[in-house]
Structure formats: C-alpha cells, structure tokens
Amino acid sequence: MLTDLTPQPPDKILELMQMFREDTRTQKIDLGVGVYKNAEGVTPVMRAVKSAERRLVEEQQTKSYTSLVGDPAFTTALRDLILGDSISADRVAAAGTPGGTGAIRQGLELARYAEAGTTVWVSSPTWPNHLTIVKYLGIPMREYRYFDNATRGVNFDGMLTDLKEAKAGDLVLLHGCCHNPTGANLTKEQWGQVADLLEKTGAVPFVDIAYQGFGDGLDEDAYGVRYLASKMPEMIIAASCSKNFGVYRDRVGLLMAITPNAASHGMAQSTLSFLNRQNYSFPPDHGAKVVQTILDDADLRADWKSELEDVRLGMLSLRQQLAEDLRQRTNSDRFDFIARHRGMFSRTGLSPDQVTALREKHGVYMIGDSRMNVAGLNAETVPVLAAAMVDVGA
Ligand code: LMR
C-alpha cells in the first residue's frame, strides 16, 4: 500500500521557506512566507500574548477537554472582534479550529456536507492552499477574475461578470481584507455591489479573513465581512489569529456559519461539532485561551491593539518607502501601487525569470508569482531590494 504513494507537488510557499533557510549568504532577504517580522528580522511573541500566557501558567487549573467546538468564551470573543454588532449572535454558529487553514477546510466540508453539488468560486489568483484543499476535497471549482495585471488593482468588472454565473448554493470564496497574494482589495462600494450580486444569484459568500488589523485597521478591515453578515441570509467565515496575534504555531482559528434565522442555528452548531469530531475531536485550546484572555481583559486588549497598530503602520511605512525609492530609481510611477496595496503582500509583477534572478543573484526571496511579503523588509533593506529589482530589469 504505502509503496504505491506518489509524490505531491511541493507547496511553493513552504518550499521557498526551506530554500531560504538553506541559503548560507548573510545578506539574504526573505520576502516569501507570510510571517510578520520586525526590523530585526524577528517574529516576536506579542507583549499581550506573553502576559496572557504567564497568567495561564499561574491560573489554569486543568487541561481537560473543552467542548468539540472549543471554549465558548473564545468563539464568542473572536466572533465579536470580527463581526462586531453587524448580526444577531443567535444566527452565528461557531467552532474553534486548528488555525485558519483548519477553518477553511472545515467550512468547505460543511458546505459539501450540506449541499453535495456545490461549486466553489475562487479569485484568480488566490492563496495556493485554497486551490489544493478544494481539489483535495473533490469539490468542483471555478475561478473569477480578480487582479488586473495592468493596473495592479482589482478587475472589478471582470469579477462581477464572472460571478454573475454563480448559481444558488454555490460558494464564493472572498478574502476579507489584505488579499493574498495580490494586496489589492475591494472598496466599500465594491463590497456593496458584491453583496447585491450574491443576493441576486443566491450564491453563498465564504469569507477568509486572516489579516484583520494588517490593512487599514481592525474595524476597517472587517468592513466587508460585517457588511455581508448584515445582508446575507447565509454565509461561512474562516478566521485566523496566526498573524494578528502572532500565534502561528499555536494554530488558532475560527469557523463561523451564519444561518438565515435562529431556528436553523442549532442544526448548524451541532454539525460543526460533528465535523470537528470526525477530523480531530477537540480543537487546540492553548492559543485560543490566550487570544480570549487578551480580548476579554481591557488592559491586555489595549496593549495588543497598540502593538498591532505599530505593526500595521510599520508595514505601511515600508510600502511608502519602497514605492518612493522605486519612483526615483525608475523615474516613473510604475510601482506606486505598492503604497496603495494593503496587508503583508503585493504582487509586484516581476516575471518568473526576474524573480529567479533576484533570488540567485541578490539573495532576495519572493514567491514565483512575484508576491512579496512587505514585512520581510526594513529601512536598510528597502533600497537593497529596490536596487536589485532595477538590476534584474523591473
Ligand atoms: C502565506 O500565504 O505565506 C501564509 O498564509 C503562510 C502559509 O501557510 O502559506
């Protein structure tokens, strides 16, 4: 049996992470995997996370099982952070999951379980793991246009035209904010138009929100997901705390299913329990407990928000510096989009050959589709990157 296994294509992001680790050059720059780094190149444990962990060590009395959907105090706290008061809580079923990826996987399983023939619509491009999970689950998939290579913004007309073809009960996977891999995002008006179209077609939004607080702010980044929640009868939401709480390896995620009314909520909630039980029983608790402790304590919450805001502003400033540097070096505004994009990523538009040359000649690691992680830069490496980009012909 096991000798019949065939190799899987490597995940491009994780493959690049490994290549970077193995590169012995000291001047290398990692703009690959979506992990926040400070100016010293360190992914720090956030202050509030450290404090909450200390508190847990002192005060936690048991590590016995929670519930199949995790600690309700966690699901409530994170639900409120994401959805605010956009929707009545008795329409939101929620389950803790191992990270945002776990939430995506469980959300897709939920949709498949509820409606076997559903098609998932994904943005072109999207996070590569969306594609492989959908494929692995055997769910039919279609793409909708999203990114306009010429303007480096959203191809909104193309998006609406394609999504008009979605059928009632299809899932439309949307990035809540900080689109991965492009960095180009919908405006408020555009979220409104997407909601109108979904209402017309009966397709169900599935929002993946993994970077809340990294774009324009905690509430601003939740605008789209909250707007849809206030309008749509049904919706699925997959959320990650990996980035905004910096708890990557602790695997903290949340799956939410919005039902048309409170009466259908119970069935959705018990289905989420059932699905968790089939896959891993109980979701991990440690990171979830840390996040909940922070969100429910006024001082820790304030400290976390202020550190997150520093992270966000730091990335914005790096974007501005890089756009300005490239403006001067290229004597053009071709790279101004870098300052307009939001979140960790920008699709820079370099060709695959240029991306390879950046890596081989300059030790600058970007994903092959030309996605760069802005947080991998600092004030000293911005000019290094800009010079290298110009050197490879950008
Ligand atoms: C990324 O896109 O780089 C991150 O979401 C990390 C990952 O798991 O791929």
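1. How far is an oxygen atom of the ligand from an N or O atom in the side chain of Trp127? In this predicted model, the separation between the ligand oxygen and that side-chain atom of Trp127 is 3.0 Å.

2. Around the ligand stand Ile13, Val33, Gly34, Trp127, Asn180, Tyr211, Lys243 and Arg371. The domain assignment puts residues 11-45 and 301-391 in domain 1, and residues 65-296 in domain 2, so that domain 1 is built from two separate segments of the protein chain.

3. Two cis peptide bonds deserve a check by eye. The bond from Ser124 to Pro125 is cis, with omega near 5°, and Pro125 has its place in the loop that runs between β3 (120-124) and α5 (128-136). The other cis bond joins Asn180 to Pro181, with omega about 20°, and here the proline belongs to the loop between β7 (171-175) and α7 (188-201). Asn180, which contributes to this bond, is also one of the residues around the ligand.

4. The loop between β7 and α7 also contains Cys178, a residue other than glycine whose phi is positive, near 50°. As background to this point and the preceding one, most residues other than glycine have a negative phi, and most peptide bonds are trans.

5. Turning to the arrangement of the domains, the centres of domain 1 and domain 2, taken over C-alpha atoms, are 26 Å apart. Contact between them involves 26 residues of domain 1 and 30 residues of domain 2, and the area buried between the two is about 2300 Å², with carbon and sulfur atoms giving 60% of it.

6. On the polar side of this interface, 13 residue pairs are in polar contact between domain 1 and domain 2, counting pairs with both residues at pLDDT 80 or more. The rule finds 1 salt bridge across the interface. In a salt bridge between Asp216 and Arg342, the side chains meet at 2.9 Å, N to O.

7. As for the elements concerned, the side of domain 1 that touches domain 2 draws at least two residues from each of α12 (298-330), α13 (337-340) and β11 (345-347). Of its contributors, α12 gives the most, with 7 residues. By residue class, this side of domain 1 comprises 10 nonpolar, 7 polar and 9 charged residues.

How values were computed. Residues are numbered from 1 along each chain as its sequence is written. This is a predicted model: local features need pLDDT of at least 70, side-chain atom pairs count only at pLDDT 80 or more; totals for chains, interfaces and linings use all residues. Side-chain values use heavy atoms; hydrogens and water are left out. Domain bounds come from an automatic or database domain assignment. Contact means heavy atoms within 4.5 Å. Buried area is the accessible area (1.4 Å probe) that two parts lose on being put together, summed over both. A salt bridge is a side-chain nitrogen of Lys or Arg within 4 Å of a carboxyl oxygen of Asp or Glu. A polar contact is a pair of N or O atoms within 3.5 Å; within protein, one must be able to donate a hydrogen and the other to accept it, and residues adjacent in sequence count only if both atoms are side-chain atoms. Helices (H or I, at least four residues) and strands (E, at least two) are DSSP runs, numbered from the N terminus. Ala, Val, Leu, Ile, Met, Phe, Trp, Tyr, Cys and Pro count as nonpolar, Asp, Glu, Lys and Arg as charged, and the others, Gly among them, as polar. A residue is near a molecule or strand if one of its heavy atoms lies within 4 Å of it.
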